[in-house]
Amino acid sequence: MSRPLDKRMSPAEIVGQLSDGMTLGIGGWGPRRKPMALVREILRSDLKDLTVVAYGGADVGMLCAAGKVRKLVFAFVSLDAIPLEPWFRKAREAGAIDVLELDEGMLQWGLKAAAFGLPFLPTRVGLGTDLAELGGLKTVQSPYADEETLIAMPALALDAALIHVNRADRRGNIQALGPDTYYDEWFARAAARTFVSCEELVEAMEDAYPQDAQANIVERSYISGVAEIRGGAHPSSLPPAYGWDMKAFKAYADAAKDPGDWSAVADRFVGASEDEYIAGFGGTDAVTKLPLPVF
Amino acid sequence: MATLAELCIVACSEAFRGNGEVVATGVGPVPRLAAGLAKLTHTPELLMTDGEAYLVEQPVPLGPRGDYKPRFAGHLPFSRFFDAAVWTGRRHAMVTPTQIDRFGQINLSRLGGTHEQPKTQMLGVRGFPGNTIYHPNSFFFPAHSPRVFVPDEVDMVSGVGYNPARRVAGGNYSGVDLRLIVTNLCVMDFRGPGNAIRVISLHPGVTFADVTEATGFDLIDAVESVTPAPTDEQLAVIESLDPHGIRASVIKDNPPARKAA
């Protein structure tokens with residue numbers, strides 16, 4: 001008899017699967033649905049020289065501040081209500097990271113190219129801007145009668161992707177609830193391996209939540225590991241479960257000005273352990289009950 | 001008396017007039033209220049989101065909503081946004097870049113320095129490259145100055161304009177469609193020779209000289225009128241969409257619609 005699938009891992013085991021120099025995709029969007037607990041676990045590790053691909057928020061800011069990022073592939077880095085991500089800005093203004101700056105839609109196009117095993121996908125996006133020249137993006141000519149010149153958006157193949165969802169089971173079936181899952185499924189499909197943190201880990205999704213099967217945004221064949229971490233998106237939001245922690249973001253942003261030194265504040269925003277971190281922000285019950293933002 | 005912000009909302013709403021069934025996106029309080037005003041008055045066929053992932057037929061008011069609950073008529077999460085609205089051209093966005101130049105090229109990414117080490121890092125290009133090559137765009141600037149309307153090209157070309165020097169041979173730029181620029185001083189369009197920027201109306205009490213002084217490049221004087229003041233009906237709609245008066249914070253000191261002499 002074959003062994004039942006069991007992809008459960010601890011956060012440390014997940015980060016143990018990553019290695020220096022990797023290209024790492026991080027799901028979510030700005031201050032929303034970010035796998036922050038896994039990002040914090042990276043921040044507690046010796047991992048370095050990462051190429052990070054993300055619709056960036058504090059995940060990118062923190063990894064930049066901690067010197068984990070060699071290169072960033074991004075279209076924006078923002079905390080939304082705090083438009084300019086202060087730690088990312090510091091890293092950029094210090095010339096500390098290489099970047100490939102892309103349009104939001106181009107970034108997903110690069111993930112899709114990677115997912116389909118293509119070297120590139122053609123697009124008009126980027127023509128007439130500085131993106132192509134700065135990013136070293138080449139053009140291709142349509143082989144058909146139109147002969148249109150298009151940008152060849154290179155595949156953004158990821159060594160690993162991290163996403164945070166509401167539910168998972170031990171075989172890697174996941175459910176991402178909430179109004180928008182952003183591009184999490186494309187991060188998963190673009191990655192050689194995808195690791196998931198979730199608010200609730202169940203034995204079998206078909207027994208626990210069969211009515212929400214539509215929330216299964218990506219097939220379990222793309223999922224290599226799952227870890228249950230309640231409040232794992234904090235301080236970002238995880239609709240419909242909880243909103244972002246603007247007080248925490250504000251403190252994080254203020255710390256970029258004063259004292260302005262990540263090593264002096266990393267304990268507070270990362271902590272020696274996830275339990276210690278969450279306790280510092282009022283405990284699991286508090287962070288998973290934060291109200292959803294109003295738009 | 002109406003405020004300058006309210007006058008700008010009405011002027012911005014004209015950008016969406018008769019657009020048809022496209023998604024009207026206004027980023028920031030004035031553009032967002034303008035899109036809502038357009039939908040509730042002259043162009044009801046516009047599509048609009050709740051600012052998140054759902055389509056609504058009744059524009060969602062700004063700020064805390066009390067008992068008001070948006071009613072969702074459709075779904076437009078980010079993935080579908082690119083598939084259905086941006087990359088198909090079925091959208092008109094009104095945004096506020098940090099810089100714009102005489103070609104309509106816009107920048108939201110960085111100021112000064114180099115790409116490797118910017119003097120000031122801002123948001124990043126966001127969706128500007130795709131928006132500007134695929135669907136109509138308009139702009140609102142609350143503080144018209146040469147720092148926004150820059151003398152040369154913008155520091156990083158994040159959105160496509162009409163600069164012939166930036167055209168790649170064989171590229172298809174037929175989707176580039178820059179419509180209206182509304183500022184705290186005037187309304188402009190891109191209908192001069194070679195898509196040059198023209199001033200088409202001045203806000204009450206503003207002169208063409210005021211505008212040129214606040215602009216880093218030459219403008220065409222095509223002024224036909226004074227920008228119309230909001231009607232009572234328009235003001236009532238604006239109030240219903242902005243019950244907390246967030247519009248008062250957009251233009252410095254929330255001046256009245258008519259500039260003091």
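Reader: Which residue forms a salt bridge with B:Asp253, and how far apart are the closest N and O atoms?

Author: Side chains of opposite charge can pair when their charged atoms come close. In this predicted model, B:Asp253 pairs with B:Lys252, and the closest N and O atoms are 3.3 Å apart. Both B:Asp253 and B:Lys252 are exposed.

Reader: How many salt bridges does the structure hold over all chains?

Author: The count is 32. One of them joins the side chains of A:Arg40 and A:Glu274, at 2.7 Å from N to O. This pair links distant parts of the chain, 234 residues apart. A:Arg40 lies in helix α2 of chain A, and A:Glu274 in helix α11.

Reader: Are A:Arg40 and A:Glu274 buried or exposed?

Author: A residue counts as buried under 20% relative accessible area. A:Arg40 is at 0%, so it counts as buried. A:Glu274, at 15%, is buried too.

Reader: Which residues do salt bridges with shared partners join into one network?

Author: The network consists of A:Arg40, A:Glu41, A:Arg44 and A:Glu274.

Reader: What does A:Glu148 form with A:Arg124?

Author: A salt bridge, with the closest N and O atoms 2.6 Å apart. The two residues sit in loops, 24 residues apart. A:Glu148 is buried at 11%, while A:Arg124 is partly exposed at 21%.

Reader: Now the fold. How compact is chain B?

Author: Chain B has 6 helices and 13 strands. Its radius of gyration is 18 Å, close to the 18 Å from the globule rule for 261 residues, so chain B is as compact as a globular protein of that length. Buried residues make up 56% of the chain.

Note on methods:
Residues numbered from 1 in each chain as written. Chains lettered and ligands numbered in written order. Predicted model: local features only at pLDDT ≥ 70, side-chain atom pairs only at ≥ 80, totals over all residues. Heavy atoms only, no water. Helix = DSSP H or I, 4+ residues; strand = E, 2+ residues; numbered from the N terminus. Rg over C-alpha atoms; globule rule 2.2 N^0.38 Å. Buried < 20%, exposed > 50% of the residue type's maximum accessible area, 1.4 Å probe, protein only. Salt bridge = Lys/Arg side-chain N within 4 Å of Asp/Glu carboxyl O.
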